[in-house]
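Thanks for coming. Please have a look at it before I start.

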Amino acid sequence: MSEIILSVKDLKTYFYMASGVAKAVDGVSFDIARGETMGIVGESGSGKSVTSNSIIRLLPPKTGRIVGGSIRFEEKDVLALSQKQLLDFRGKDIAVIFQDPMTSLDPVFKVGRQMVEMIMAHQSVTKEEARKMALEALDKVGIPEPEKRMNAYPYELSGGMCQRVIIAMAVCCKPKLIIADEPTTALDVTVQAQVLELLKDLQKTMDTAILLITHNLGVVWDMCDKVMVMYAGNTVEFTDTKTLYSNPKHPYTWGLLNSMPKLSDASHGELQAIPGTPPDLRLTGKCCNFYNRCPYVTDACMASVPPLVEIEPGHLVACHRQNLEHSLEKGMVTKDEE
């Protein structure tokens, strides 16, 4: 069995605001093994980024709070780490690639200075050694003329080049886990493919685990070993990637897959969208969060929260109509429609 390096159990992260408490993440659990890639997918506002920020404890200090659950990285209890220990933990054990490369780098400092300072903060090396490591990292991620790029400001580089710099900074300290929070969203399609291929190559050479956050299901198919589908702060489906595509079980997952454009679609019709909008996170936790958008809704869906049930080995689904006793098929009509 592969070594588990990150274990998240029943994580609850709430935001306390004047208007109420938003349950951004409400009881999420998963494990990531060494060298494994796990994807988290869902619409904007489903809790994907809050989950990753909770893992590194990077939440707004006045409003964001982890109120329940546990996060363990190898032998470390992440929730018990001091601020000083967190600074060492972030970057050395876990590195993060944020969504917008143009805002992830400080525009007033040269790329080389930012990389050297980051390396020296996490490793006991001299400034010259850190500079050499930075040059090697830039070369590894395919940046031409790394010496020249070290002396450039971020605004002098393209978005794709800045994202490569961020990836180079992420791998400098040889982290055991890389959190990639929608790393290709701000890039054009060609650069997206290059960045994803780069991440795969680095994973093979360094045996690094990757937590990939995205709403691009094509990227999930290409990159991930297993997938967690999130909706309104909850896990609605969790399984390996092949099963998710070949045998999805949750109506929300069906909606996500239906909304993907397909080259094989000869109709050239409008893209299928999931009707409605996600719920107000201040009002969740009393019923199925998807009931107002689900074509298969029943009275039970509006009465209680569906538990996450393992309907087959390694395949978990949170749906009242999809459990060990009942099996809902895509396109099946409800009793009211019969």
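**Rings, strands and core**

Let me begin with Tyr153, which is partly exposed, as its relative accessible area is 26%. On the terms: buried is under 20% relative accessible area, exposed is over 50%, and partly exposed is in between, with a 1.4 Å probe and protein chains only. Tyr155 has a relative accessible area of 57%, so Tyr155 is exposed.

Before going on, the background. This is a predicted model, in which local features need pLDDT of at least 70 and side-chain atom pairs count only at pLDDT 80 or more, while totals for chains, interfaces and linings use all residues. Residues are numbered from 1 along each chain as its sequence is written, and side-chain values use heavy atoms, with hydrogens and water left out.

Now the aromatic rings. Rings of Phe, Tyr and Trp (its six-membered ring) pair if their centres lie within 6.5 Å; planes under 30 degrees apart are called stacked, over 60 edge-to-face, and the rest tilted. How many aromatic pairs does this rule give? The count is seven. One of them is formed by Phe73 and Phe89, edge-to-face, at 5.6 Å centre to centre and with 75 degrees between the planes. Phe73 is in strand 4 and Phe89 in helix 2 (residues 83-92), 16 residues apart, so the pair links distant parts of the chain. Helices (H or I, at least four residues) and strands (E, at least two) are DSSP runs, numbered from the N terminus. Both Phe73 and Phe89 are buried. Back to Tyr153 and Tyr155: their ring centres are 5.6 Å apart and their planes at 5 degrees, so this pair is stacked. There is also an aromatic cluster made of Tyr231, Tyr252 and Phe290.

One ring has a charge over it. The rule is that NZ of Lys or CZ of Arg lies within 6 Å of the ring centre and within 35 degrees of the ring normal. Here Arg65 lies over the face of Tyr16, 4.3 Å from the ring centre.

Next, strand 7. Are the residues of strand 7 (177-181) buried or exposed? Five of its five residues are buried. Leu177, Ile179 and Asp181 point one way, and Ile178 and Ala180 point the other. Two strands pair if DSSP finds at least two bridges between them. Strand 7 pairs with strand 6 (residues 94-97) in the parallel sense over four bridges, and Val96 stands opposite Ile179. Strand 7 also runs parallel to strand 8 (residues 209-213), with five bridges joining the two. The bridge partner of Ile179 in strand 8 is Leu211.

That leads to the core. A nonpolar core is a set of buried Ala, Val, Leu, Ile, Met, Phe, Trp, Tyr and Cys residues joined through side-chain atoms within 4.5 Å. The largest one has 95 residues, and those with the most contacts inside it include Phe30, Ile55 and Leu177. Helix 7 (residues 159-172) gives the most to this core, with 10 residues. Contact means heavy atoms within 4.5 Å. Neighbours within four places in sequence aside, the contacts of Ile55 include Phe30, Phe89, Ile179 and Leu211.

Last, two backbone angles. Asp10, in strand 1 (residues 4-17), is not a glycine but has a positive phi of about 50 degrees. Arg57, in the loop between helix 1 (48-55) and strand 4 (64-73), is not a glycine either and has a positive phi of about 55 degrees.
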